[in-house]
Every structure is written in structure tokens, then in C-alpha cells.
Amino acid sequence: MRLFRSDSVRLATLYTTVFSLAVIVLGAVALLAARSALKHQLDARIQAEALALAQEYRTEGIKGVLDAVEERDRTPGALDYGLLGEDGRPLAGRLSGVSRPGWATLRIPGHSDELRILSITMPGGRRLIVGESLQQVSVLDGVLVGAFGFAFLGVLVLGVASGFALSREVQRRFSEMSGAAQAIIDGDLGRRIPLRGAGDDLDALGATFNRMLDRISALMDSLRQVSNDIAHDLRTPLTRLKQRLEASLSAGGAEAQTMAIEAALADLGAILDTFAALLRIAQIEAGTRRAGFRSVDLSALVTTVAEAFGPSAEEGRRTLSAEPAASAVVDGDAELLTQALVNMVENALRHTPPGSHIRVGAGRDERGAFLIVRDDGPGAPADELPRLFDRFYRLERSRSTPGSGLGLALVAAVARLHDARAELRDAEPGLEVRIIFAQERPRTLAIPNAGVMRDAGYSR
Amino acid sequence: MKLLVVEDDDETAAFLLRALHEAGHVVDRAASGRDGLLLAAGEPYDVIVLDRMLPPPDGLTIVRTIRAAGVKAPVLLLTALGGIDDRVEGLEAGADDYLVKPFAFSELLARVNALARRPPPQEAPTALQVGDLNLDLLKRSVTRGRARIELQPREFQILAFLMRNAGRVVTRTMLLESVWGFHFDPKTNIVETHVSRLRSKVDRGRGVQLIQTVRGAGYCIRDSE
């Protein structure tokens with residue numbers, strides 16, 4: 001039977017057995033203790049009576065004893081007595097025929113229960129016997145055994161019932177989990193393990209599994225997104241390239257052909273750049289670079305990049321100023337951070353009109369160390385701001401400017417790798433791109449996570 | 001110069017052989033890692049162009065092996081598009097330079113030429129001269145004829161790099177790597193603008209233009225007389 005193979009049923013059975021055994025042991029101990037106490041009490045009473053009669057004999061003589069025994073025999077609830085002559089003949093009382101002095105337990109014809117007796121020899125060779133039926137003890141036995149029998153049955157019923165209930169509940173929740181897993185296997189990737197909200201261990205386990213499933217599905221989404229992006233955004237330039245090459249076949253004259261081929265090569269270069277950028281983002285997102293993190297001085301980065309791009313900015317009649325603050329050192333990958341900052345600067349250079357001013361800075365505030373590029377250009381509509389970090393996302397008015405739409409996506413990927421946040425803000429006017437590094441990044445986070453996208457076309 | 005190309009893809013290899021031959025080099029080709037290792041270890045070459053992905057042993061293993069065997073010939077490692085960590089790994093294995101596929105042939109040629117005549121470290125000069133242009137690496141000063149030329153630090157670095165490779169083509173990416181340490185390709189013409197500023201300081205108003213643009217390849221400093 002399936003039910004008895006389940007762990008919870010086995011546990012319930014075990015607990016019920018242990019509890020039942022405990023009840024039995026408890027009952028036996030209680031019975032023995034009560035019996036022993038009762039017997040002691042009985043013996044004490046018998047002994048007291050025997051001593052009292054012996055005292056009577058000493059003061060009143062044999063006559064006194066005879067009277068006392070006879071009177072007690074008539075009293076209900078009293079003990080049993082017997083007085084024997086030196087020849088063993090019964091003189092008074094109901095007990096007789098006991099020859100040996102001392103304690104004894106014996107069965108007397110006419111009594112349903114055993115008898116506890118004390119026999120003492122009095123002066124003159126006479127013998128006094130005091131006894132009491134052990135009926136009380138057997139009554140106590142019956143009461144105790146009955147009570148513990150009920151308790152035992154109760155424990156058994158309660159144990160079995162709660163064991164079944166518990167195991168059914170646990171089994172139900174396990175089958176819910178297993179059902180959710182099966183549904184996911186069958187393709188319903190949105191299914192999650194239902195939680196009770198009770199905050200118990202199974203809920204905690206379910207919540208952990210759900211978080212894992214969320215992470216997996218996020219990775220799947222990003223993978224699907226990348227393939228869709230590649231399919232859509234490379235089709236256009238590839239089609240254009242094809243048309244150019246077809247046109248060059250029919251172009252008249254060597255010079256026209258050379259020009260067409262050069263244009264085709266330029267197109268091809270752009271396509272390869274897009275591929276390289278996509279792969280680079282994928283690699284960064286795989287997180288394998290964390291192992292090589294070193295201290296990086298963000299201010300030095302700002303100085304280098306601003307110095308490198310200053311002349312180009314001036315050539316386009318824009319101004320570029322560096323605002324490197326001291327003490328902006330983070331743990332990271334210098335090459336990737338440089339590229340992220342370069343992409344932020346190029347984004348600003350490309351999407352602002354001549355005459356704009358671009359500020360490149362680094363610093364540290366209450367939120368942590370940061371890199372910032374701010375321009376005073378036209379900015380972007382508020383509802384499109386968060387989407388600018390998406391791959392291939394471009395503002396409507398930027399469609400005609402050169403660029404792959406991957407620059408800020410790489411910035412976001414580099415930020416994620418560093419557990420930093422990439423933020424876009426309306427600089428009123430203009431656009432502000434900022435990477436904020438979390439304060440005191442714990443080093444344990446530097447463990448590279450599984451390289452899910454590492455094999456995405458990347459060969460080594 | 002005598003070169004060795006270790007490349008398993010026949011089409012790429014044929015293209016490289018033809019182009020390098022046209023550029024005046026003697027070229028051997030090995031199509032597998034094993035052949036490449038045997039040739040590289042056995043014959044003296046001026047430069048070895050090594051594909052990273054090969055039928056075993058792979059490029060990295062070959063570099064390590066020949067370096068361990070004492071072969072000093074400069075090695076240019078070629079790799080497939082994308083690997084971020086590959087450059088560091090390649091250089092650590094003992095390669096001298098690194099090029100990501102697909103590459104322009106002019107880039108490969110420029111790097112091969114630069115590698116072939118790279119002076120050993122102990123012979124690094126402290127002063128460079130091209131025509132009447134003098135650059136002192138210790139005093140960090142530049143003079144043309146008798147006139148002193150004031151350069152920004154980056155312009156000085158660019159000029160020094162060009163002069164070290166005098167007479168040879170220096171590509172845009174070579175400058176990006178050596179002067180700025182940028183191992184990626186910015187989409188902005190930062191090299192062009194810096195070189196044009198440098199050129200205006202070095203060559204403006206002079207009869208002889210020392211810094212020349214090599215179309216589709218890069219820059220070259222030479223005394224044209």
C-alpha cells in the first residue's frame with residue numbers, strides 16, 4: 001500500500017508505538033507502587049491490632065483477649081482473628097490451623113480472596129492470629145488496569161488518527177509540489193508551488209523553489225529576448241547588405257562597383273559589431289568575470305575617459321568636463337567599467353545637439369560610490385526612460401542616428417555584474433545616466449554564478 | 001621575414017598566405033596543432049601566427065609548450081569573436097599579441113610587423129628620432145629641428161608609440177590598446193582626433209609631413225626622404 005510507504009505514516013506509526021509502550025510501562029510502575037503501598041498499610045494495621053491484643057492479654061489475661069476477639073468478630077469491617085490453645089485447638093475467632101509464627105499469605109477455604117496473616121505466640125504457648133483479606137488489593141488492581149487500559153486505547157486511537165491526518169496533509173502538499181513540477185516539465189513554465197502562508201518548513205521550501213523557478217524563467221526570458229532581438233534587428237542590416245551586393249552586380253564601371261563593395265563592407269562591419277556587442281553582453285551577464293575583480297579607482301577612470309573623448313566632443317562642438325571626486329574606489333573589473341563609462345559618454349555625445357555640455361563624474365554619497373554622465377540635451381520621455389537599458393531599444397527620434405542600440409544595455413549588464421544599479425533620470429533638461437555601487441559589497445557575492453549563457457555561441 | 005601560420009580553416013589560411021606573401025614574407029602553414037607545434041619548435045621563425053582553436057593541441061597549449069622549450073619567436077594569437085577573458089589568458093600563456101576574428105588584414109599585417117621588430121626589453125631606447133623630430137623618453141621632451149614642441153601627456157604617448165614603430169603601420173586599435181588601455185572598440189573617432197591634434201603640433205607649417213595616414217589601415221611615422 002502506497003500510504004504505508006510514505007515517511008509521514010511511518011513516523012506516525014513509530015510515535016504511536018512509542019507512546020503506547022510508555023503508557024504500558026507507566027501503568028505497570030503505578031500498579032506495582034500502589035500495591036506495595038497498600039500492602040505496607042495492611043501489614044501495619046495487622047501488626048498494630050496484634051500488638052493491641054497482646055497488650056490486652058498482658059493486662060486482662062486470656063479472658064480479656066477472648067472478649068476482645070469476640071467483640072471484634074461481631075463488628076463489621078474489622079479484621080479476622082483467631083486464638084489457639086497450646087495444643088492448637090481454636091479458642092475464639094474465625095482463623096485457625098496456622099502453626100508457624102510470623103507473616104504469611106494464604107488461601108483459606110470459604111474466602112474468595114487470599115488472606116494476609118500475622119501469627120504470634122503469647123505467653124503460655126497460646127497463639128494469636130490476626131489477618132486481613134487481600135480483596136482491597138485485587139480491587140485496586142482492577143481499577144488501575146482498567147484506567148490504564150483506557151488511556152492506552154486513547155493514545156492508540158489518537159496516535160493513529162492524528163498520524164493519518166498528518167500524513168494525509170503532508171502527502172497532499174507533497175503531491176501539490178510534485179504536481180507543479182510536473183506541470184512545469186510539461187511546459188507550463190508559469191506554474192509555481194502553492195504556498196499555505198503558514199510560514200512552516202514546507203512553505204519555506206516551496207518559496208525557495210519558487211524563487212529558483214523565477215530566476216530560471218528570467219534567464220529563459222532573457223535568452224528568448226536575445227534570440228528575438230537578433231532575429232529582428234539583424235534582419236534589417238542583412239537585407240540591406242544583400243540588396244547592396246545585388247546592386248553592385250549590375251553596377252556599371254569598376255569605380256561604382258568598388259564603392260558598392262566598400263559600402264557593403266561597412267554594413268558588414270556594423271553587423272559584426274552588433275554581434276560582438278551582443279555576445280559581450282551575454283558573457284558579462286553570465287557573471288564569469290567576477291573572479292577577476294580588483295580595486296578600481298572610479299575617479300581615475302573618469303579622468304582617462306574624459307581626456308580621451310574631450311577632443312572628439314570639441315570637434316562636434318560639445319563640451320566635456322570631468323568631475324572626478326576622490327575616494328570613489330570600488331571592487332570591480334576595470335576594463336568593463338571603462339567600457340561602460342565610454343558607452344555612457346558616447347551615448348551622450350551621440351544623442352545631444354552641438355553646443356551641449358556633458359559632465360562625466362565619479363563620487364560617493366549616502367547611497368554608495370557612483371559613476372555619472374549627465375548632459376543638457378533633449379533627454380528622453382519619462383515613460384521610455386527605463387526601457388533605454390533594453391537591448392536594441394531606441395527612441396523614435398534616434399532611429400536615424402548611427403548605433404546599435406546596445407550601448408546602454410551593456411552599461412546595465414556591467415552594473416548588474418557589479419551588484420550595482422544603473423539608473424536613468426531626467427536631468428531637466430537632459431539625461432543623467434548613473435551607476436550606483438552598493439555600499440560594502442560583501443565579498444561572498446563574488447562567487448561566479450552558473451554560466452547559463454556562456455555557451456551561447458562563445459567558443460574557446 | 002619568415003612566418004608560420006597555424007590555422008586549420010583552409011580558406012582563412014589560403015587568404016592569409018596569399019596576402020602575407022604579397023606583403024613580401026615567406027610563409028609556412030600548418031593545418032593542425034600537432035604540425036604547428038613541430039614546425040614552431042623546430043624551425044626559426046620571425047613571427048608565429050597561431051589560431052587559438054585548433055585540432056589538438058590547441059593554440060594556448062602550443063604557446064606554453066614552445067615557451068617552455070625556449071622558443072623566443074613572437075606569437076600573435078587569433079581567436080573567435082567575443083571572448084572577454086581570452087586576451088588575458090593568451091598573454092599569460094606567453095603570447096605577445098592578440099587579435100580577434102574577424103579582423104582586417106591590414107590590422108594583422110601591422111601587428112605582425114610590429115611584433116617582428118619589437119626590441120628586446122633591455123634594449124629599449126631612451127631617445128627616439130625620425131627625420132629632424134627628436135623625442136626624449138626620460139625628459140619627456142619633444143623637439144623638431146630646433147623648436148621645442150609642447151605635447152599633452154596622451155599626445156606624447158601616441159608620438160612615442162608611433163616613433164617606436166617608425167616606418168611601420170600602426171593601427172587604430174593598436175593605439176587604443178597601448179595608449180589608452182581600451183581593449184574594445186569605441187564608436188567615436190577618439191584616435192583620429194587625438195592624432196590630428198598631434199599632427200597639427202608636429203607637422204603644421206613644415207615642409208615634410210612625418211605623420212602619415214595609411215588609408216584603411218592606420219598611421220605611420222616616417223621621414224619620406
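Because the model is predicted, local features need pLDDT of at least 70 and side-chain atom pairs count only at pLDDT 80 or more, while totals for chains, interfaces and linings use all residues. Residues are numbered from 1 along each chain as its sequence is written, and chains are lettered from A and ligands numbered from 1 in the order in which they are written.

**View 1. Two cis peptide bonds, one in chain A and one in chain B.**
In chain A, the bond from A:Glu428 to A:Pro429 is cis, with omega near -5°. A:Pro429 sits in the loop between β11 (420-426) and β12 (431-437) of chain A. Over in chain B, B:Lys101 and B:Pro102 are joined by a cis bond with omega about -5°. Look for B:Pro102 in the loop between β5 (97-100) and α5 (105-116) of chain B. As for the element names, helices (H or I, at least four residues) and strands (E, at least two) are DSSP runs, numbered from the N terminus. For background, most peptide bonds are trans.

**View 2. Positive phi at A:Arg317 and at A:Asp419.**
A:Arg317 isn't a glycine, yet its phi is about 55°. This residue belongs to the loop between α5 (298-315) and β7 (319-324) of chain A. A:Arg317 is exposed, as 10 other C-beta atoms lie within 10 Å. A:Asp419, also not a glycine, has a phi near 55°, and you'll find A:Asp419 in the loop between α7 (407-417) and β11 of chain A. With 15 C-beta neighbours inside 10 Å, A:Asp419 is partly exposed. The cut-offs: buried is 20 or more other C-beta atoms within 10 Å of a residue's own, exposed is 12 or fewer, and partly exposed is in between, with C-beta atoms placed from the backbone.

**View 3. An open sheet of 3 strands in chain B.**
The strand order is β10-β12-β11, and the pairing is antiparallel. β10 (170-171) and β11 (211-214) of chain B are at the edges with a single partner strand each, so one side of each has no neighbour in the sheet. Strands pair if DSSP finds at least two bridges between them; here 2 bridges join β10(B) to β12 (residues 218-221) of chain B. B:Thr171 faces B:Gly218 in β12(B).

**View 4. Helix α7 of chain B and its buried residues.**
Within α7 (residues 172-180), B:Thr173, B:Met174, B:Leu175, B:Val179 and B:Trp180 are buried. Their cover includes α5 of chain A, plus α5, α6 (153-164), β10 and α8 (190-202) of chain B. After α7(B) comes B:Gly181, with a positive phi near 75°.

**View 5. The hairpin of β6 and β7 in chain B.**
β6 (residues 127-130) and β7 (residues 133-136) of chain B run antiparallel, joined by 4 bridges. B:Val130 stands opposite B:Leu133 in β7(B). The hairpin has 2 residues between its strands, and B:Gly131 takes a positive phi near 60° there.

**View 6. Where chain A meets chain B.**
The contact draws 24 residues from chain A and 22 residues from chain B. On the chain A side, α4 (254-286), α5 and α6 (334-350) each give two or more residues, and α5(A) has the largest share, 7 residues. That side splits into 10 nonpolar, 7 polar and 7 charged residues. Here, contact means C-beta atoms, placed from the backbone, within 7 Å. Ala, Val, Leu, Ile, Met, Phe, Trp, Tyr, Cys and Pro count as nonpolar, Asp, Glu, Lys and Arg as charged, and the others, Gly among them, as polar.

Notes
Contact = placed C-beta atoms within 7 Å.
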